[in-house]
Amino acid sequence: MTGKNARHNAFLRLVSGNGAASGSESRFSLSPSKEIVIGRDPSCQVVLDAMMYRMVSRRHAVVRPLSLSPDSKFSWVLCDLNSANGTYLNGQRLYECQELHPGDRISLGSDGPQYVFEYELTSQTPATTVNQLASLPSATNYHNHTQLKQPDSVSFTQLFPIISTGKDLTRKAYLVPGILTVIFVVLMFATVGRPQANQVIVATYIAFAAYYFVYQLCGKQKPWWVLMATALGTALILLSPLLDLFIFVFRGILPGNLPSPQESTTFTELLVRMFFGAGLMEELLKAVPVLAVFAIGRMLSSPWRERIGVWEPLDGILLGTASAVGFTLLETLGQYVPDITQNVTQQVGIGAAGQLAGLQLLIPRILGSVAGHMAYSGYLGYFIGLAVLKPSRSWQILSIGYLSASALHALWNATGSINALLLVVVGVLSYAFLMAAILKARALSPTRSQNFATRFLGPR
């Protein structure tokens with residue numbers, strides 16, 4: 001039977017789940033010219049009830065036609081759409097697209113609804129083939145076509161959708177960030193007229209938002225209290241006598257003494273001083289809590305050692321950027337903002353002007369930490385995790401990471417006094433280094449199949 005005189009009939013038959021025994025209504029025709037998306041979203045071509053199939057994602061999986069040769073022989077492939085609970089083909093979780101064969105069993109989630117792929121060829125004239133293919137509903141109107149068969153009724157969960165969302169509300173609706181935003185907004189209103197308290201609230205919220213962005217990109221779960229403990233550990237180091245030891249070594253013994261505003265220096269000399277006095281010193285300081293978590297994790301037993309410790313680059317990035325948040329908050333709120341507020345107040349003689357200047361400095365410093373302290377420390381954290389993953393080359397890996405992160409840090413500090421355009425270039429470069437490290441860490445992750453890495457741009 002040649003492809004020119006054949007009709008391609010392919011179906012998905014629901015064999016497990018509600019409606020599995022309802023005859024022809026449980027069979028879904030597959031078009032050789034359009035893809036079929038399965039999920040709970042009303043825009044899908046095969047729509048599942050959101051209340052009944054809560055383990056199914058809004059857009060869970062897709063079946064795509066694939067032409068194998070010029071004589072119109074077709075096959076179909078199944079692809080998972082980054083679903084929360086996975087798509088299974090014949091009991092095996094699907095990570096890439098795979099060709100379907102007659103009798104293949106598709107499961108949406110490990111215990112979700114199941115379909116069987118059915119495929120048959122029937123002979124017909126070419127003209128009939130064209131007419132029948134043209135009469136098949138397209139992907140855009142398939143849902144409307146099937147909706148005509150459904151009763152015109154409204155369920156209780158459709159009228160009150162919050163009742164049926166369940167786990168999706170906390171996992172996919174960004175409920176926790178929304179709750180925290182509301183709390184911070186209320187606190188901002190409550191601290192109006194108290195500038196110092198208001199600055200702490202604003203800085204903490206911006207830092208949380210910046211870190212949450214990095215956390216979502218990393219896509220690996222880490223206990224929140226471990227991340228907070230890392231940030232707090234860095235802040236405590238800055239408040240302890242350990243800071244004096246760091247200053248003595250890097251700015252006293254090593255050539256890292258930072259120039260005063262009145263001192264004239266060349267760019268090369270400034271870059272060298274910043275490399276030792278800011279880059280090497282501050283990056284090592286921020287890495288201390290990360291190394292402490294690594295040491296603690298090695299002493300624990302499973303599963304806590306895997307959850308808490310540093311075992312891969314993603315762990316290092318998450319902990320390194322958390323450490324940077326603690327450093328940035330304390331440095332900004334404890335040094336830069338008070339200094340600028342005091343200086344402006346003395347110059348103008350109006351306290352409100354100083355407070356406004358402090359707030360104007362606070363916002364870009366905290367928000368810019370994604371391309372600043374978080375970028376350097378996250379980049380170094382990548383190398384710390386990589387050294388754990390490849391222990392035979394650990395010293396080489398750590399040396400490259402430490403020196404490169406410190407160089408980026410020093411370059412930012414040095415160019416800041418020369419040209420704003422160069423500062424933009426260095427900031428973008430630092431951000432690119434961090435994002436590249438995150439992407440590579442996601443690819444190297446031993447737990448890649450369990451991670452939830454977010455794609456902010458959809459597939460093309």
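The end C-alpha atoms of residues 418–439 lie 32 Å apart. This span is 91% helix and 0% strand. Helices (H or I, at least four residues) and strands (E, at least two) are DSSP runs, numbered from the N terminus. The model is predicted: local features need pLDDT of at least 70, side-chain atom pairs count only at pLDDT 80 or more, and totals for chains, interfaces and linings use all residues. Residues are numbered from 1 along each chain as its sequence is written, and side-chain values use heavy atoms, with hydrogens and water left out.

Residues 366–388 are 78% helix and 0% strand. Their end C-alpha atoms are 30 Å apart.

The largest nonpolar core holds 47 residues. Such a core is a set of buried Ala, Val, Leu, Ile, Met, Phe, Trp, Tyr and Cys residues joined through side-chain atoms within 4.5 Å. Buried means under 20% relative accessible area, exposed over 50%, and partly exposed in between (1.4 Å probe, protein chains only). Tyr-211, Ile-317, Met-374 and Ile-438 touch the most other members. Helices that each supply at least two residues include H6 (195–218), H11 (313–348), H13 (373–389) and H15 (420–444). Tyr-211 touches Leu-227, Leu-318, Thr-321, Ala-322, Val-325 and Met-374, not counting residues up to four places away in sequence. Contact here means heavy atoms within 4.5 Å. A second, separate core has 22 residues, among them Ala-10, Ala-61, Trp-76 and Leu-89.

Trp-224, Trp-225, Met-228 and Trp-304 make a nonpolar surface patch of about 520 Å². Nonpolar side chains (Val, Leu, Ile, Met, Phe, Trp, Tyr) are joined within 5 Å, like charges within 9 Å. Areas come from the Shrake-Rupley method with a 1.4 Å probe; for residues, only the protein chains shown count as cover. H7 gives the largest share of the patch, three residues. Trp-304 is found in helix H10 (residues 304–308). Trp-304 is partly exposed, at 41% relative accessible area.

The peptide bond from Ser-302 to Pro-303 is cis, with omega near 0 degrees. Pro-303 sits in the loop between H9 and H10. Asn-90 has a positive phi of about 55 degrees although it is not a glycine. Asn-90 lies in the loop between S7 and strand S8 (92–93).

Notes
Patch = residues over 30% accessible without salt bridge, like charges linked within 9 Å, V, L, I, M, F, W, Y side chains within 5 Å. Salt bridge = Lys/Arg side-chain N within 4 Å of Asp/Glu carboxyl O.
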